[in-house]
Amino acid sequence: MDRLAGRVALVTGAGSGIGAASARRLAAEGAALLVTDIQDAAGTRVAEDIGQAGGSAAYAHLDVTSQAQWESAVSAAVSGFGGLDILVNNAGLGDLAVIEDTSLAEWSRTIDVDQTGVFLGMKTSAAALAASAHASVINISSIFGASGGFGTSPAYHAAKGAVRTLTKNIALHWADRGVRVNSIHPGFIDTPLLDQAKGTPVEQAMLDITPMGRLGQPAEVAAGVAYLASDDASFVTGLELYIDGGFMAR
């Protein structure tokens with residue numbers, strides 16, 4: 001399928017998990033990719049894999065908490081590929097602590113990456129996206145952006161909830177400019193982010209509370225990213241797309 005032929009995408013946190021799967025899926029549908037991450041070896045590997053599969057990709061180091069690095073990455077996409085049509089704000093981190101055990105430094109770090117990183121991505125990409133005839137922003141939130149989860153990870157919930165609402169706010173602001181902005185809310189996906197829960201009661205609780213009884217796969221979220229990036233979603237903006245095995249239907 002070549003739904004994205006001729007388009008340019010920038011994906012954050014693309015060295016592994018949902019980001020890597022999304023970069024590969026967008027490339028498979030014809031987009032040129034700027035793969036970004038702070039894990040340089042992993043990100044470079046994803047870009048190389050895309051190239052070896054016949055796609056077009058480059059890697060750039062991007063700490064999403066840095067406005068200067070964001071500006072450099074957007075510039076690299078525009079100068080290297082001719083523009084920017086698709087922005088996937090995926091980079092994120094999480095934890096399992098309860099509020100009493102969450103330090104201010106831990107809180108601030110999670111907010112900086114998961115929330116402020118999305119703000120900076122859209123802010124610095126605004127002009128490039130406005131110049132595109134097919135602009136689409138996909139912000140990766142979470143089921144925990146719209147639910148209380150297990151009562152743990154307060155910073156993660158707060159940040160992902162902010163991404164949910166920020167997405168709608170910018171979707172309205174850019175609606176008449178031809179820039180669509182949507183959020184995806186994954187459930188429990190088998191990525192490195194869940195490694196800390198593997199083999200613990202938390203993992204079993206995730207399976208027990210998911211109606212489909214399994215973890216999702218990164219490729220299943222990437223399919224949603226590709227849809228929202230494409231013209232198949234040309235009348236879709238401000239959407240919350242839940243890819244969660246039925247979690248939010250409870």
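Reply: Starting with H1: it has 12 residues and spans 17 Å from its first C-alpha to its last, close to the 16 Å expected at 1.5 Å a residue (the expected span is 1.5 Å times one less than the number of residues). Helices (H or I, at least four residues) and strands (E, at least two) are DSSP runs, numbered from the N terminus. This is a predicted model, in which local features need pLDDT of at least 70 and side-chain atom pairs count only at pLDDT 80 or more, while totals for chains, interfaces and linings use all residues. Residues are numbered from 1 along each chain as its sequence is written, and side-chain values use heavy atoms, with hydrogens and water left out.

Me: How many residues of H1 are buried?

Reply: The count is 9 of the 12, so H1 is largely enclosed by the rest of the structure. Buried means under 20% relative accessible area, exposed over 50%, and partly exposed in between (1.4 Å probe, protein chains only). The buried residues are Gly-17, Ile-18, Gly-19, Ala-20, Ala-21, Ser-22, Ala-23, Leu-26 and Ala-27.

Me: What covers the buried residues of H1?

Reply: The cover includes S1, S2, H2, S4, strand S6 (180–186) and H7. Contact here means heavy atoms within 4.5 Å.

Me: And what follows H1?

Reply: Gly-30, with a positive phi near 110 degrees.

Me: On to the largest nonpolar core. Which residues touch the most other members?

Reply: Leu-26, Leu-33 and Ile-138, out of 29 residues in that core. The elements giving two or more residues to this core are strand S1 (8–11), helix H1 (17–28), strand S2 (32–37), helix H2 (40–52), strand S4 (86–89), strand S5 (136–140) and helix H7 (218–229). A nonpolar core is a set of buried Ala, Val, Leu, Ile, Met, Phe, Trp, Tyr and Cys residues joined through side-chain atoms within 4.5 Å.

Me: What does Leu-26 touch?

Reply: Not counting residues up to four places away in sequence, Leu-26 touches Leu-4, Ala-9, Val-11, Ala-31, Leu-33, Ile-86, Val-88, Val-225, Ala-226 and Ala-229. There is also a second, separate core of 27 residues, which includes Ala-60, Leu-120, Val-163 and Val-181.

Me: Charges next. How many salt bridges does the structure hold?

Reply: It holds 9, a salt bridge being a side-chain nitrogen of Lys or Arg within 4 Å of a carboxyl oxygen of Asp or Glu. One of them joins Arg-7 and Asp-231, with the closest N and O atoms 2.8 Å apart. Arg-7 lies in the segment before S1 and Asp-231 in the loop between H7 and S7, so this pair ties together parts that are 224 residues apart in sequence.

Me: Is Arg-7 buried or exposed?

Reply: Arg-7 is buried, at a relative accessible area of 8%. Asp-231 is partly exposed, at 38%.

Me: Which residue meets Lys-168 in a salt bridge?

Reply: Glu-240, at 3.0 Å from N to O. Lys-168 is in helix H5 (residues 154–174) and Glu-240 in strand S7, so the pair ties together parts that are 72 residues apart in sequence. Lys-168 is partly exposed, with a relative accessible area of 30%.

Me: Which residues are linked in a network of salt bridges?

Reply: Arg-3, Arg-25, Glu-29 and Asp-232.

Me: What about Asp-244?

Reply: Asp-244 sits in the segment after strand S7 (240–243). Asp-244 is buried yet has no salt bridge, and the nearest side chain of opposite charge, Arg-250, is 9.1 Å away. For charge, Lys and Arg count as positive and Asp and Glu as negative; His and the chain ends are not counted.

Me: What does the side chain of Asp-244 reach?

Reply: The backbone nitrogen of Met-248, at 2.9 Å. Leaving out residues up to four places away in sequence, Asp-244 touches Ile-143, His-185, Gly-187 and Thr-210.

Me: Where is Asn-182?

Reply: Asn-182 is in strand S6 and counts as buried, at 0% relative accessibility. A polar atom of the Asn-182 side chain lies 3.1 Å from the backbone oxygen of Val-236.

Me: Last one, Ser-153. What is its phi?

Reply: Near 55 degrees, a positive value in a residue other than glycine. Most residues other than glycine have a negative phi. Ser-153 is in the loop between S5 and H5 and counts as buried at 5% relative accessibility.

Technical notes:
A polar contact is a pair of N or O atoms within 3.5 Å; within protein, one must be able to donate a hydrogen and the other to accept it, and residues adjacent in sequence count only if both atoms are side-chain atoms.
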